[in-house]
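Dear colleague,

I am handing over the structure below for your attention. My notes on it follow directly after.

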Amino acid sequence: MWHDTAVAAPVTTALDGPADTDTLIIGAGYAGLSTALHLAQAGSQCMVLDAREIGFGGSGRNGGQLVPGLKKDPTELLNAYGPARGRQLIDFADATARTVYSLIDQYQLNVPHTRSGWIQPAHSKVTLELVKKRVADWQRQGAPVRPLSRSEVGDLLGTDQYHGGWFDERGGSLQPLSYVRELARAAIEEGATVHTATPVASIRKKGSGWLAVTEKGDAVHARRIVVCANAYSDGIWKNLKETVVDPNTYQVATAPLPEEIAKTILPQGQPVSDTRNLLLYFRKDHTGRFLMGGRGPFREPRGRQDWDHLQKAITLLYPQLKDIPFEYYWCGRVSVTQDYMPHLHQPEPGLILNIGCQGRGIGLQTAMGKALAAYLTSGDQASLPIPFTPVRRLPFYGLRKLYVGALIAWYRYLDSRT
Ligand SMILES: Cc1cc2nc3c(=O)[nH]c(=O)nc-3n(C[C@H](O)[C@H](O)[C@H](O)COP(=O)(O)OP(=O)(O)OC[C@H]3O[C@@H](n4cnc5c(N)ncnc54)[C@H](O)[C@@H]3O)c2cc1C
């Protein structure tokens with residue numbers, strides 16, 4: 001769907017022959033391209049290589065919900081990281097969506113988007129209590145957020161299935177593939193080089209710098225390398241892929257809605273992600289379609305039946321959609337870390353690995369790219385929102401599918417409680 005409704009990508013070609021660059025970035029998603037854009041802005045030479053195309057990973061597949069913040073709330077961040085680092089993380093989380101909007105404005109990015117806020121409705125009385133705490137927590141930080149009563153949620157969503165919720169003015173939505181393509185255009189205009197269809201097969205230290213070798217056999221020498229392959233990381237660095245669980249999340253979209261139905265659903269156009277552990281996230285897009293994402297099989301899909309549960313969830317929330325045809329079905333991988341936080345690793349000087357999004361990466365990875373560029377130009381680790389940590393393989397990684405299966409069963413039970 002995003003391919004059918006996105007602006008064209010800037011013209012890029014595969015790398016053909018050996019190359020030298022100051023910073024080599026692997027992965028042309030939000031993280032890699034934001035790092036490149038901000039490096040180029042600072043006058044630093046950089047090259048981005050992507051195995052497939054701009055936005056091939058999560059950045060070209062997601063739900064387009066610009067959700068501010070991290071998975072953890074301010075108090076949790078302060079408790080986990082202490083007052084100084086916790087404060088820095090709260091400020092970082094607070095600014096994630098703003099960073100995206102600033103780039104859209106600064107570079108006049110051609111991205112259909114909204115700035116009308118984001119809503120998290122509570123699907124149960126238990127989670128309503130959590131939501132109340134969350135909104136109070138962010139209010140103490142001065143964030144423009146407010147609780148929503150059951151009837152306010154009903155009016156904003158056009159369904160009476162939720163118990164209440166909260167409204168976060170900082171959020172919004174965008175066409176995700178247009179955004180990543182336009183980030184690439186801006187990065188190239190600032191002087192970054194971007195090559196697509198160029199899988200990097202290996203990286204290793206060479207002299208005082210680094211050597212990357214592409215699958216085709218071309219050598220790229222760089223002073224440093226930043227790996228931004230996230231859930232699409234392969235075996236490029238030992239145990240990197242094994243630091244996350246990378247399940248598929250599934251999405252489905254209807255045909256454009258007739259006007260009389262469209263006005264009964266999300267009349268003010270906010271995107272919504274609910275409080276379920278196996279959350280449902282939904283919105284209308286700029287073409288008037290209704291789209292919903294949620295869990296699905298860990299494996300790659302085998303047929304339309306793998307999206308049936310989402311179609312059912314849609315008609316439970318919005319019975320008026322029962323006769324509207326579904327036009328698009330797709331999925332993509334998200335990277336989930338053990339502590340639900342993004343991770344930065346620097347296993348050796350000059351090599352940075354950026355991974356982890358927990359399904360919330362538009363603002364996060366754009367802001368992370370900006371922070372990475374600041375670190376790379378200044379050498380000051382205080383520019384980074386989180387400290388570097390060792391690359392640690394998840395315990396029982398080989399059993400992750402079983403483990404995730406058990407976790408999903410447990411989450412299903414929790415989500416069924418009212
Ligand atoms: C279905 C879905 C729905 C989502 N919904 C939302 C949402 O609504 N809101 C939100 O904020 N987040 C959402 N997310 C998460 C968000 O999309 C990701 O967090 C974000 O796109 C990650 O960006 P990234 O740049 O870190 O990585 P990616 O965009 O995944 O980019 C990684 C790139 O690395 C490349 N690569 C990998 N290995 C190599 C190699 N060896 N050589 C060269 N290139 C390589 C890949 O081709 C890929 O293009 C969703 C994700 C999915 C999959």
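Over residues 22-374, what percentages of the chain are helix and strand, and how far apart are the end C-alpha atoms? The chain there is 31% helix and 25% strand, with 15 Å between the end C-alpha atoms; helices (H or I, at least four residues) and strands (E, at least two) are DSSP runs, numbered from the N terminus. An unreviewed UniProt entry places the feature "domain: FAD dependent oxidoreductase" at residues 22-374; such annotations may be inferred rather than shown by experiment.

This is a predicted model, in which local features need pLDDT of at least 70 and side-chain atom pairs pLDDT 80 or more, while totals for chains, interfaces and linings use all residues. Residues are numbered from 1 along each chain as its sequence is written, and side-chain values use heavy atoms, without hydrogens and water.

An automatic or database assignment gives domain 1 (2-63 + 177-244 + 339-402), domain 2 (118-169) and domain 3 (247-333). The centres of domain 2 and domain 3, taken over C-alpha atoms, are 21 Å apart. Each of these two domains gives 16 residues to the contact between them (heavy atoms within 4.5 Å).

Around the ligand there are 38 residues, of which Asp50, Ala51, Ser59, Gln65 and Asn230 come nearest (a heavy atom within 4 Å). Domain 1 and domain 3 each supply at least three residues of this shell. Helix H2 (30-41) and strand E13 (248-254) are among the elements that each supply at least two.

Polar contacts are pairs of N or O atoms within 3.5 Å. A backbone N or O atom of Gln65 lies 2.8 Å from a ligand nitrogen atom, and a polar side-chain atom of Asn62 is 3.2 Å from a ligand oxygen atom.

Yours sincerely

Methods:
Polar contact = N/O pair within 3.5 Å; in protein donor to acceptor, adjacent residues only side chain to side chain.
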